[in-house]
Amino acid sequence: ALFSIRCRQLPLDHAWALRTAIFSELNNIDELSLGIHHIHVAESANGWTRPDEAQDMLLYPSKRTKLIIRTHKDKLSTLSKLCNSELSIDSHSLGIGKMKTRMLTNSSVVFSRHVFCEESSEQENDFLERNALEIHQLTGVKTKKIMCGRSHKISTPNGPIHTRHLMIADLDSESSIQIQEAGLGIHRNLGCGIFLPHKGIKSLNAKE
(Lines give C-alpha, C1' and ligand atoms only; values in the text may rest on other atoms or scores of the structure.)
Protein backbone atom coordinates (compact mmCIF):
# COMPACT_ATOMS: atom_id res chain seq x y z
CA ALA A 1 0.00 0.00 0.00
CA LEU A 2 1.21 3.51 -0.88
CA PHE A 3 0.01 6.58 1.00
CA SER A 4 0.42 10.18 -0.05
CA ILE A 5 1.90 12.26 2.77
CA ARG A 6 2.10 15.87 3.90
CA CYS A 7 5.31 16.52 5.77
CA ARG A 8 7.84 19.35 5.90
CA GLN A 9 10.64 17.38 7.52
CA LEU A 10 11.38 14.14 9.36
CA PRO A 11 14.30 12.72 11.30
CA LEU A 12 16.45 10.66 8.98
CA ASP A 13 16.50 7.91 11.63
CA HIS A 14 12.72 7.69 12.00
CA ALA A 15 11.95 3.95 11.79
CA TRP A 16 11.11 3.41 15.47
CA ALA A 17 8.99 6.56 15.79
CA LEU A 18 7.12 5.74 12.56
CA ARG A 19 6.45 2.16 13.67
CA THR A 20 5.21 3.35 17.07
CA ALA A 21 2.89 5.98 15.57
CA ILE A 22 1.39 3.56 13.02
CA PHE A 23 0.65 0.84 15.57
CA SER A 24 -0.80 3.41 17.94
CA GLU A 25 -3.22 4.43 15.17
CA LEU A 26 -3.97 0.79 14.20
CA ASN A 27 -4.19 -0.66 17.69
CA ASN A 28 -6.02 -3.82 16.58
CA ILE A 29 -3.56 -5.06 13.95
CA ASP A 30 -0.92 -7.76 14.35
CA GLU A 31 2.49 -6.07 14.41
CA LEU A 32 4.08 -8.95 12.50
CA SER A 33 1.71 -8.44 9.57
CA LEU A 34 3.20 -5.14 8.40
CA GLY A 35 6.44 -4.35 6.63
CA ILE A 36 6.93 -0.61 7.09
CA HIS A 37 9.35 0.97 4.64
CA HIS A 38 11.51 3.86 5.76
CA ILE A 39 10.32 7.07 4.17
CA HIS A 40 12.95 7.50 1.51
CA VAL A 41 14.10 10.65 -0.28
CA ALA A 42 16.36 10.34 -3.32
CA GLU A 43 19.95 11.02 -2.35
CA SER A 44 20.55 13.07 -5.48
CA ALA A 45 17.84 15.62 -4.66
CA ASN A 46 19.35 19.11 -4.47
CA GLY A 47 22.79 17.61 -4.00
CA TRP A 48 21.74 15.88 -0.77
CA THR A 49 23.61 12.70 0.15
CA ARG A 50 22.68 10.29 2.90
CA PRO A 51 25.21 10.46 5.76
CA ASP A 52 26.73 7.38 7.37
CA GLU A 53 25.38 8.38 10.78
CA ALA A 54 21.76 9.54 10.86
CA GLN A 55 21.67 11.07 14.36
CA ASP A 56 20.09 14.55 14.40
CA MET A 57 19.88 14.66 10.60
CA LEU A 58 16.64 15.62 8.85
CA LEU A 59 15.15 14.69 5.49
CA TYR A 60 12.72 16.83 3.50
CA PRO A 61 10.01 14.83 1.72
CA SER A 62 8.72 16.14 -1.58
CA LYS A 63 5.10 16.08 -2.71
CA ARG A 64 5.85 12.85 -4.55
CA THR A 65 7.28 11.06 -1.50
CA LYS A 66 5.15 8.14 -0.30
CA LEU A 67 4.69 6.14 2.87
CA ILE A 68 4.87 2.51 1.77
CA ILE A 69 3.64 -0.40 3.87
CA ARG A 70 3.75 -4.01 2.69
CA THR A 71 1.05 -6.37 3.92
CA HIS A 72 -1.28 -9.14 2.82
CA LYS A 73 -4.29 -7.92 0.84
CA ASP A 74 -6.60 -9.12 3.64
CA LYS A 75 -5.14 -6.38 5.86
CA LEU A 76 -5.76 -3.51 3.43
CA SER A 77 -9.14 -2.51 4.89
CA THR A 78 -7.57 -2.13 8.34
CA LEU A 79 -4.59 -0.31 6.87
CA SER A 80 -6.91 2.18 5.15
CA LYS A 81 -7.75 3.58 8.61
CA LEU A 82 -4.48 5.50 8.37
CA CYS A 83 -5.98 7.70 5.64
CA ASN A 84 -6.56 11.30 6.76
CA SER A 85 -4.73 10.72 10.04
CA GLU A 86 -2.01 12.92 11.52
CA LEU A 87 0.98 11.14 13.02
CA SER A 88 3.65 12.61 15.29
CA ILE A 89 7.12 11.36 14.37
CA ASP A 90 9.50 12.61 17.08
CA SER A 91 7.45 15.83 17.28
CA HIS A 92 7.35 16.22 13.48
CA SER A 93 3.90 16.17 11.88
CA LEU A 94 3.21 13.51 9.23
CA GLY A 95 -0.17 13.83 7.53
CA ILE A 96 -1.45 10.70 5.77
CA GLY A 97 -3.56 11.11 2.63
CA LYS A 98 -5.10 8.69 0.15
CA MET A 99 -4.07 5.04 -0.13
CA LYS A 100 -3.28 3.19 -3.34
CA THR A 101 -2.27 -0.42 -3.80
CA ARG A 102 0.54 -1.81 -5.94
CA MET A 103 1.30 -5.35 -7.02
CA LEU A 104 4.62 -7.02 -6.35
CA THR A 105 6.79 -7.24 -9.45
CA ASN A 106 8.73 -10.33 -10.47
CA SER A 107 12.30 -9.22 -11.02
CA SER A 108 15.41 -11.32 -11.43
CA VAL A 109 17.25 -8.93 -9.09
CA VAL A 110 15.84 -7.69 -5.77
CA PHE A 111 17.42 -5.62 -3.01
CA SER A 112 16.79 -4.45 0.53
CA ARG A 113 18.29 -1.31 2.03
CA HIS A 114 18.22 -2.86 5.50
CA VAL A 115 18.65 -6.52 6.48
CA PHE A 116 19.34 -7.29 10.15
CA CYS A 117 22.86 -8.38 11.05
CA GLU A 118 24.68 -9.21 14.27
CA GLU A 119 27.39 -6.56 14.12
CA SER A 120 29.44 -7.80 17.04
CA SER A 121 29.66 -11.44 15.89
CA GLU A 122 28.73 -11.60 12.22
CA GLN A 123 31.33 -10.93 9.54
CA GLU A 124 30.36 -10.23 5.94
CA ASN A 125 30.75 -13.85 4.81
CA ASP A 126 28.71 -15.07 7.80
CA PHE A 127 25.97 -12.57 6.96
CA LEU A 128 25.83 -13.75 3.34
CA GLU A 129 25.86 -17.44 4.28
CA ARG A 130 23.08 -17.01 6.83
CA ASN A 131 20.85 -15.18 4.35
CA ALA A 132 21.63 -17.64 1.55
CA LEU A 133 20.50 -20.44 3.89
CA GLU A 134 17.30 -18.58 4.75
CA ILE A 135 16.59 -18.04 1.04
CA HIS A 136 17.10 -21.76 0.41
CA GLN A 137 14.75 -22.68 3.27
CA LEU A 138 12.14 -20.23 1.95
CA THR A 139 12.32 -20.98 -1.77
CA GLY A 140 14.21 -24.24 -2.18
CA VAL A 141 16.65 -22.38 -4.43
CA LYS A 142 20.39 -22.23 -3.84
CA THR A 143 21.34 -18.61 -4.37
CA LYS A 144 23.84 -18.08 -7.18
CA LYS A 145 24.49 -14.38 -6.66
CA ILE A 146 24.09 -12.55 -3.34
CA MET A 147 25.93 -9.36 -2.42
CA CYS A 148 25.93 -7.11 0.62
CA GLY A 149 26.66 -3.40 0.76
CA ARG A 150 26.82 -0.54 3.22
CA SER A 151 25.94 -1.00 6.86
CA HIS A 152 23.55 1.22 8.84
CA LYS A 153 22.13 1.59 12.33
CA ILE A 154 18.48 1.97 13.32
CA SER A 155 17.97 3.59 16.72
CA THR A 156 15.53 1.98 19.19
CA PRO A 157 14.90 2.43 22.92
CA ASN A 158 16.69 -0.91 23.45
CA GLY A 159 19.81 0.14 21.57
CA PRO A 160 20.79 0.27 17.88
CA ILE A 161 19.84 -2.39 15.36
CA HIS A 162 22.59 -3.07 12.84
CA THR A 163 21.70 -3.67 9.20
CA ARG A 164 23.32 -4.21 5.83
CA HIS A 165 22.19 -3.57 2.29
CA LEU A 166 21.56 -6.89 0.49
CA MET A 167 21.08 -7.65 -3.21
CA ILE A 168 20.02 -11.02 -4.66
CA ALA A 169 20.38 -11.76 -8.37
CA ASP A 170 19.51 -14.46 -10.92
CA LEU A 171 16.14 -15.27 -9.35
CA ASP A 172 13.31 -17.02 -11.16
CA SER A 173 9.77 -15.65 -11.03
CA GLU A 174 8.48 -17.75 -8.13
CA SER A 175 11.53 -17.20 -5.92
CA SER A 176 11.49 -13.46 -6.54
CA ILE A 177 7.90 -13.17 -5.35
CA GLN A 178 8.44 -15.50 -2.38
CA ILE A 179 11.34 -13.38 -1.11
CA GLN A 180 9.37 -10.15 -1.56
CA GLU A 181 6.31 -11.61 0.19
CA ALA A 182 8.15 -13.12 3.16
CA GLY A 183 11.25 -10.93 3.48
CA LEU A 184 14.42 -12.03 5.27
CA GLY A 185 15.46 -11.78 8.89
CA ILE A 186 13.64 -9.89 11.62
CA HIS A 187 12.36 -6.37 12.39
CA ARG A 188 10.10 -6.10 9.33
CA ASN A 189 8.05 -3.32 10.94
CA LEU A 190 11.26 -1.31 11.30
CA GLY A 191 11.92 -1.55 7.59
CA CYS A 192 14.30 -4.52 7.69
CA GLY A 193 14.31 -7.43 5.25
CA ILE A 194 11.85 -5.81 2.81
CA PHE A 195 12.91 -6.44 -0.78
CA LEU A 196 12.27 -4.32 -3.85
CA PRO A 197 12.81 -4.98 -7.56
CA HIS A 198 16.07 -3.46 -8.74
CA LYS A 199 15.42 -0.50 -11.03
CA GLY A 200 16.40 -1.07 -14.61
CA ILE A 201 15.97 -4.85 -14.35
CA LYS A 202 13.31 -6.19 -16.67
CA SER A 203 10.37 -7.66 -14.77
CA LEU A 204 9.21 -11.19 -15.54
CA ASN A 205 5.52 -10.57 -14.79
CA ALA A 206 3.41 -9.13 -11.99
CA LYS A 207 1.54 -10.61 -9.06
CA GLU A 208 -0.53 -9.24 -6.20
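Colleague: What makes Arg19 and Glu31 a salt bridge?

Modeller: The term requires a side-chain nitrogen of Lys or Arg within 4 Å of a carboxyl oxygen of Asp or Glu. For Arg19 and Glu31 the N to O value is 2.7 Å, so the pair qualifies. The two residues sit in distant parts of the chain, 12 residues apart: Arg19 in helix α1 (residues 15-25), Glu31 in the loop between α1 and β3 (35-36). Helices (H or I, at least four residues) and strands (E, at least two) are DSSP runs, numbered from the N terminus.

Colleague: What are the ground rules here?

Modeller: This is a predicted model: local features need pLDDT of at least 70, side-chain atom pairs count only at pLDDT 80 or more, and totals for chains, interfaces and linings use all residues. Residues are numbered from 1 along each chain as its sequence is written, and side-chain values use heavy atoms, with hydrogens and water left out.

Colleague: Are Arg19 and Glu31 buried or partly exposed?

Modeller: Buried means under 20% relative accessible area, exposed over 50%, and partly exposed in between (1.4 Å probe, protein chains only). Arg19 has 14%, so Arg19 is buried. Glu31 has 34%, so Glu31 is partly exposed.

Colleague: How many salt bridges does a search of the whole structure find?

Modeller: The search finds 4. Among them is the pair Arg6 and Glu86, with the closest N and O atoms 3.3 Å apart. That pair spans 80 residues, from Arg6 in strand β1 (residues 2-6) to Glu86 in strand β6. Arg6, at 47%, is partly exposed, and Glu86, at 49%, is partly exposed too.

Colleague: How do you know that Lys145 and Asp170 meet in a salt bridge?

Modeller: Their N to O value is 3.9 Å, so the pair falls within the cut-off. Lys145 lies in strand β10 and Asp170 in the loop between β11 and α4, so the contact ties together parts that are 25 residues apart in sequence. Lys145 is partly exposed, at 44%. Asp170 is partly exposed as well, at 44%.

Colleague: What is phi of Asp170?

Modeller: Phi is near 60 degrees, a positive value in a residue other than glycine. Ser91 also has a positive phi, near 75 degrees. Ser91 is found in the loop between β6 and β7. At 71% accessibility, Ser91 is over the limit and therefore exposed.

Colleague: What makes β6 and β7 a pair?

Modeller: Two strands pair if DSSP finds at least two bridges between them. β6 and strand β7 (residues 92-100) have 4 bridges, so they pair, in the antiparallel sense. The strands form a hairpin with 2 residues between them, and Asp90 in the turn has a positive phi of about 50 degrees. β6 (residues 86-89) has a covered face, Leu87 and Ile89, and an uncovered one, Glu86 and Ser88.

Colleague: What makes the largest nonpolar core a core?

Modeller: A nonpolar core is a set of buried Ala, Val, Leu, Ile, Met, Phe, Trp, Tyr and Cys residues joined through side-chain atoms within 4.5 Å. The largest such set has 26 residues, with the most contacts inside it made by Ile22, Leu34, Leu67, Ile69 and Leu94. β1, α1, β5, β6 and β7 each give two or more residues. α1 supplies the largest share, 5 residues.
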